[in-house]
Amino acid sequence: MVIFELHKDTMKAISGTNLEQAKSHNRRVVIEAIRTNGPLSRAAIARMTALTAQTVSNIVEELQRSHLLVPAKAQKLARGQPIIPYSINPHGAYSIGLELGPRRASGVLTDLSGAVCARIERHVEYPDPERAMSVLGAIVEDLQQAFAFDRDRLLGVGMALPGRYADGGVTSLSPQNLPGWQDFPVGYELERRVKVPVLVENDATAAAIGERLHGVARGFGSFVYLFLAGGGGIGAGMFLDGHLYKGSRHNAGEIGHIIVEPHGRLCGCGKRGCLDRYISATVAYEFMGIENARELSPEDLDTHIAMNGEGLNAWLDQAVQPLRQTIDFLELAFDPQTIVLGGTISSLLMRRLAERLEPLHLPIDPTEERSVPRVMIGATGRDTAILGAAALPIFSETNPRFDVLQKPVG
Ligand SMILES: [Zn+2]
C-alpha cells in the first residue's frame, strides 16, 4: 500500500489532499476528524479537512456503505436542506488484542470504540514460542466464537510485547524472561495461524496508541506515555506532532536506561544509576521483600503491597526524585501537551507513586496557562497493554499517519 504523507505543515491539525490517489489517506482523515470532534456534517468535515465537498461526499458515502460511519438524526433547519451529522459506528469494525506473560495468555475482542465485547484468559507456564503461538491462536479463534459479529468486520490482531528491536527491523520483542524467544518472528508466525493481519508493537507504544484512540490522550497531537511494566522495566511511547516516533532503529523511548544517579546502582544493561533501578516494579518488590510477584494474582499482589507499608514508603522515597527528573527531561526534550503515566504495574503502586509526584520541577514557562495537566494518569489501568494491542489494528486502519507501525517480518 502506498501512503501519502503531508509534507507541508498546514494550519489545521489534520488536513486532506484532493489527489485521487490519496483516497485511502483521505478516508483516514475523515474518520479522524469525526473521532476527535464527535458527530460532524459533511460541510463541517469539508471545512475541517480542507477537502472539497465532492470528495467528502464520496468518502462519507463509501464509509457509510462499509458500516464505519452512521448518520444521526437530521437537524431540521428553518430553510434549506436538513443537516445530517455522521458519527463513528462502534459496530462497524472489530479488533483483537493479545497479551502474553509468563503465567497467563489473554485476549480481548473490542469494537471500534474500544469497548470490550469478549475476554479470554488462559493459564500458561513459561511457554516457548511454539506453545505460545498455539495458545494465542486458539484464543483468537475462541474470541470470534464468544461474541456474535460479522467476521468480515474484524480488522486484525494486535499484540503488545516488552522488548527491543534488533537491527534490520527484525523484532526481538518477547515476553520478559521467557527462553527461546530471541529473534522469533512473532507477528509473522501468528499471522500464519490466524489468517488475519497481525501487528506487533512494544508495550509502551501500544499503550500510547490505546490512550490516543480511546483514553485520556484522545485528540492530542503530542504526548509521551511513560509506561511502567508490571514485570519490571520502563519505556516511553512517543506520539509527537501526530506521529508515532520510533527512532532510527525502532528503539526510541528506552528511557529506563537514562542515568538519573551517576555512579548509582548497577543495572542489567551494564551502566550504573539507570532510572529502571529506582522506579521499576522490580525495585519496588525488592524494597518490600516480595520475591514471587510474578506468581501472584493482581489482587494478591496488591494485598502483599498493602501489608508492606514500610517497604513501599522506602521505595517511594527513592523513586520520586528520579521520576520527577524524567518528567522534566521529557517535557524539555519533546514539549508534549501532557505526559501520561500508566502501565501494567500494580494499580496500587501506580496510585501511590502518582500521589507523591508533586511538586514537579518548574516548567520552562511557569506563567503559561495550561488547559491540560502536565501529568495525567492513563485511563485503562492494568489493562493498558492489551487494550493498546487491540487498538493497533484500528489505529493502523483509521489513522491518517499510521505508516510507522511495525509490520510483521518473516
Ligand atoms: Zn540500564
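A search of the whole structure, which is a predicted model, finds zero disulfides, a disulfide being a pair of cysteine sulfur atoms within 2.5 Å. In this model, local features need pLDDT of at least 70 and side-chain atom pairs count only at pLDDT 80 or more, while totals for chains, interfaces and linings use all residues. Residues are numbered from 1 along each chain as its sequence is written, and side-chain values use heavy atoms, with hydrogens and water left out.

Cys269, by contrast, is partly exposed at 36%. Cys117 is also partly exposed, with a relative accessible area of 23%.

Cys267 lies in the loop between strand β10 (243-245) and helix α7 (276-279), where helices (H or I, at least four residues) and strands (E, at least two) are DSSP runs, numbered from the N terminus. Not counting residues up to four places away in sequence, Cys267 touches His257, Cys274 and Arg277, contact meaning heavy atoms within 4.5 Å. The C-alpha atoms of Cys267 and Gly256, which are eleven residues apart along the chain, are separated by 9.9 Å.

Taken as a whole, the protein has twelve helices and twelve strands, and 52% of its 410 residues count as buried. Among the contacts with a separation of 6 or more, 63% are accounted for by residues 24 or more positions apart. The protein exposes about 18,900 Å², of which carbon and sulfur atoms supply 51%; accessible areas come from the Shrake-Rupley method with a 1.4 Å probe, and for residues only the protein chains shown count as cover.

Strand β8 (residues 223-228) is largely enclosed by the rest of the structure, because six of its six residues are buried. In a regular strand the side chains alternate between the two faces of the sheet. Both faces of β8 are covered, with Phe223, Tyr225 and Phe227 buried on one side and Val224, Leu226 and Leu228 buried on the other.

Two strands pair if DSSP finds at least two bridges between them. Strand β8 is joined to strand β9 (residues 234-240) by six bridges, and the two run antiparallel; Phe227 has Gly235 as its bridge partner in β9. The hairpin of β8 and β9 has five residues between the strands, and within this hairpin Gly232 takes a positive phi near 100°. With strand β11 (residues 338-342), β8 pairs in the parallel sense over five bridges, including those that link Phe223 to Thr338 and Leu226 to Leu341.

Strand β11 is itself mostly covered, five of its five residues being buried. Thr338, Val340 and Gly342 point one way from β11, whereas Ile339 and Leu341 point the other way. Strand β11 also pairs in the parallel sense with strand β12 (residues 375-377), over three bridges, and Met376 is the bridge partner of Val340 in β12.

Two further residues belong to other elements. Thr110 is placed in strand β4 (residues 104-111) and is buried, with a relative accessible area of 2%. Leaving aside neighbours within four places in sequence, the residues in contact with Thr110 include Ala93, Tyr94, Cys117, Leu387 and Ile394. Arg351 lies in helix α11 (residues 347-355) and counts as partly exposed, at 48% relative accessibility. Arg351 and Ile377 are 26 residues apart in sequence, and their C-alpha atoms are 8.8 Å apart in space.

Note on methods. Buried means under 20% relative accessible area, exposed over 50%, partly exposed in between (1.4 Å probe, protein chains only).
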